[in-house]
Every structure is written in C-alpha cells, then in structure tokens.
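Open the model in your viewer and switch to a cartoon view.

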Amino acid sequence: MNDRRTCAIIGNSGVLINSRCGHLIDSIDLVIRMNMALFGGEFAPDVGSKISLMTLNSGQYRNLTNCTQNYGNITLDRLPSLCREMLTSLVRMNGSILWYFGAVAHNNHMKAVLAVLRDFYNLHFGFAYSPAELKSQVIKVLKLRAPSSGIAVYAAATHFCSRIQLFGFFPFYKDPTNRTLFTHYYEDARMNYTTNIHDMPDEFRVLLELDKKGALRIINDCSGKWNNDLLRAKFKGYNHLNGDEFGDLDAF
C-alpha cells in the first residue's frame, strides 16, 4: 500500500455550501464520503465529484437490502420513490466501495444486494465492513462518550492513510462569519445538536486539537473567508460548547 496516501473524509455539514472545496477534494488520492450523501453534479464546486468509498449507516443498509430483494427486477423508472432515489445515487457512485460498519453476519445479505446491483442494474461495487467495533476504540482512545460515525471513519482511516483531511465536519448553526448553516449541505434541515446522542460540538473540539497536533487537517472553507485559527480563538476558555452557544458570536 502507498504509505504516502492522502485521504479526504467528507462530512455532510452545511458549512460546505459555497466552500469552493470541490477542486481540492478531487485532487486527493482517496475520497471517503459519508452516509450516501449526494455529491458531484450541482454539488461538485463545493464537495467535488471523486469517490473511493461511501459509508452506509444501518438504516440505509436496510433500505438497500429491501429495495434489491423486493424490487430487484424492476426498471429504475418504476421503483418506489425511496428505492429510485437510492439507486439513482448509486449510479453516481458506480465503481466505488460501499463500506458498512456492521457485523460479519451481514455479509451474505450484502452479497445478494451486490449481485442484484451487478446483474440487473449493471452497477459494480466492492464491499467493506468493519470486523471490530470502531466506536469502542474511539471511546477508549479519545474519551468520547458516544462518538459519531464520522470520527469512527477517521479512526479507521488512520490505518491506511498517511495524511488525512476532514471536510464538512462542523456541528454548529453558524460559521465564524455569522452565516446561518443547515445540518447538511444537500438539504434544508437542521439537527438539534444539544439533544443529539453524539456530543458533536465537544467532538469537534477533540478534532481541532488533533488538527493542532498535525494528526489531521480540518478544512471547511476554501474561499479564503475564514480558517481554523479563528475557530481555536473562539473555543479558547470554554469547557463545553453547544450549537446555540457557538451560533451566538457575541458570546465570544
């Protein structure tokens, strides 16, 4: 394996809207995208078009299994809307690797899914799974109570990437320029970061410390409007922050 491989992990935060990071992302050796997020096309200027691996969460895994088992011989235009949207996304990912964080027991199900995608829809994917529970290792090493899948992907990537850049990891309602953000760059919705099971603002603080130490690089803007030094200055002196507090820039 190339021991100089540079990897990009693309989170889905709305901070990537108008970030102009697409060209930089597409220049990186290996691009890991999260949870079937939309990319390319109209999103290309901000998040790029390149893909190497795409993660599936448990709900998406179930939906993909149901769609291929129940509608595996139906043309794309006749699929139920959920399945049609998922298959349309998979067309854009064709040739990449689907990465599921589930147990080995799911392998036979996934083999059946891949066979339908290959034989009926002419879509070809590799499949990866995590033989050990990644999140338990993150809890142990980084002392996070309920780590997100994003930081678990980062932990896994340290095993095959020499340099890691994170894009779209930003769990706050506003950026340092006071721009209001949606939770995801591809839809108009907002997550309640204060009640979510993951303490994402505190997790982001850990990532900023890793960035400072050179273990990774966080990039959320490629247009020159702001950088991580400004973020560190705003975090300084606060033991805990949530989305609302960070959104109120007067608090700093």
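This is a predicted model: local features need pLDDT of at least 70, side-chain atom pairs count only at pLDDT 80 or more; totals for chains, interfaces and linings use all residues.

Select the strands. They form an open sheet of seven, paired in parallel, in the order β5-β4-β3-β2-β1-β6-β7. Look at its two edges next: β5 (126-129) and β7 (217-219) each pair on one side only. From one strand to the next, the twist averages 25°. Strands of a sheet pair through backbone hydrogen bonds, so show the backbone atoms here.

**β3 and β4.** Select residues 53-56 and 97-100. These are strands β3 and β4, which run parallel and are joined by four bridges. Which residue in β4 stands opposite Leu53? Leu53 faces Ile97. Now click Leu56; Tyr100 in β4 stands opposite.

**β4 and β5.** Step across to β5. Four bridges join β4 to β5, and the two run parallel. Pick Trp99: its bridge partner in β5 is Ala128.

**Helix α3.** Select residues 58-71. Helix α3 lies across β3 and β4. Its direction runs at about 95° to β3.

**Helix α5.** Select residues 107-119. Helix α5 packs on the sheet and touches β3, β4 and β5. Its direction makes about 160° with that of β5. Check the span from first C-alpha to last: the 13 residues of α5 reach 18 Å, close to the 18 Å expected at 1.5 Å a residue.

Which residues of α5 are buried? Colour Asn107, Met110, Val113, Leu114, Val116 and Leu117. An α-helix has 3.6 residues a turn, so residues three or four places apart point the same way. Now show what covers the buried residues of α5: the cover includes β3, β4 and β5, along with helices α3 and α4 (81-93).

**Ser13.** Leave the helix and select Ser13. This residue sits in the loop between β1 (6-10) and α1 (22-26). Is Ser13 buried or exposed? Ser13 counts as buried because its relative accessibility is 5%, and the cut-off for buried is under 20%. Show its contacts, leaving out residues up to four places away in sequence: Ser13 touches Gly168, Phe170, Phe182, Thr183, His184 and Tyr185.

Note on methods:
Residues are numbered from 1 along each chain as its sequence is written. Side-chain values use heavy atoms; hydrogens and water are left out. Buried means under 20% relative accessible area, exposed over 50%, partly exposed in between (1.4 Å probe, protein chains only). Contact means heavy atoms within 4.5 Å. Two strands pair if DSSP finds at least two bridges between them. Axes are lines fitted to C-alpha atoms, for helices over the stretch in contact, and angles run from 0 to 180 degrees between N-to-C directions. The expected span of a helix is 1.5 Å times one less than its number of residues.
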